[in-house]
Amino acid sequence: MRKGYLYILTNKPYGTLYTGVTSDLIERLEAHRRGVGSAFTKKYGLTRLVYYETHALIVDAIQRETNIKRWKRDWKIALIETINPNWDELDHTLV
């Protein structure tokens, strides 16, 4: 099994949120920015990476995504702000 990433995109601080999962975060982020990541992210211009987690197994990232998608918006905002209180673009932290 390979590792996985849970990530949250937005279009601006406190804007529309999109929660996703992937095995290659850099490639997936580039796809979102080209407008081919998903219809939802394309529609709302969601290209700003504001939160991500790395999981040893992709199945763990998928389970985490499933849980977070059930959360209230306020909980997601609080999660983002635990590591990114200024809602900065985090793509520069990817290796």
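**Close-up views of the predicted model**

**View 1. Tyr 18 as a buried residue.** Tyr 18 is buried in this predicted model, because its relative accessibility is 14% (buried means under 20% relative accessible area, exposed over 50% and partly exposed in between, with a 1.4 Å probe and protein chains only). Tyr 7 likewise counts as buried, with a relative accessibility of 1%. Residues are numbered from 1 along each chain as its sequence is written, and side-chain values use heavy atoms, leaving out hydrogens and water. As this is a predicted model, local features need pLDDT of at least 70 and side-chain atom pairs count only at pLDDT 80 or more, while totals for chains, interfaces and linings use all residues.

**View 2. The ring pair of Tyr 7 and Tyr 18.** Across the whole structure, 5 aromatic pairs are found (ring centres of Phe, Tyr and the six-membered ring of Trp within 6.5 Å; planes under 30 degrees apart are stacked, over 60 edge-to-face, the rest tilted). One of them joins Tyr 7 and Tyr 18 in a tilted arrangement, with 6.2 Å from centre to centre and 50° between the planes. This pair connects distant parts of the chain, since Tyr 7 belongs to strand β1 (residues 4–10) and Tyr 18 to strand β2 (residues 17–22), 11 residues apart (strands, E, of at least two residues and helices, H or I, of at least four are DSSP runs numbered from the N terminus). Together with Phe 40 and Tyr 44, the rings of Tyr 7 and Tyr 18 make up one aromatic cluster. The ring of Tyr 18 also has the charged end of Lys 69 sitting over it, 5.9 Å from the ring centre (NZ of Lys or CZ of Arg within 6 Å of the centre and within 35 degrees of the ring normal).

**View 3. Asn 84 and its surroundings.** Asn 84 is located in the segment that follows α4 (73–83), and with a relative accessibility of 2% this residue counts as buried. When neighbours within four places in sequence are set aside, Asn 84 is in contact with Val 50 and Leu 90 (contact means heavy atoms within 4.5 Å).

View 4. The structure contains 4 salt bridges (a side-chain nitrogen of Lys or Arg within 4 Å of a carboxyl oxygen of Asp or Glu). In one of them the side chain of Glu 89 meets that of Arg 33, at 2.9 Å from N to O. Glu 89 lies in the segment after α4 whereas Arg 33 is part of helix α1 (residues 25–34), so this pair ties together parts of the chain 56 residues apart in sequence. Glu 89 is partly exposed at a relative accessible area of 23%, and Arg 33 is partly exposed at 37%. Asp 91 also forms a salt bridge with Arg 33, in which the closest N and O atoms are 2.9 Å apart. Here again distant parts are linked, with Asp 91 in the segment after α4 and Arg 33 in helix α1, 58 residues apart. Asp 91 is partly exposed, having a relative accessibility of 28%.

**View 5. Glu 65 and Lys 69 within helix α3.** The side chains of Glu 65 and Lys 69 are joined by a salt bridge of 3.2 Å, N to O. Both residues belong to helix α3 (residues 58–69) and stand 4 residues apart, about one turn of the helix. Glu 65 counts as buried at 13% relative accessibility, whereas Lys 69, at 47%, counts as partly exposed. Elsewhere, salt bridges with shared partners join Arg 33, Glu 89 and Asp 91 into one network.
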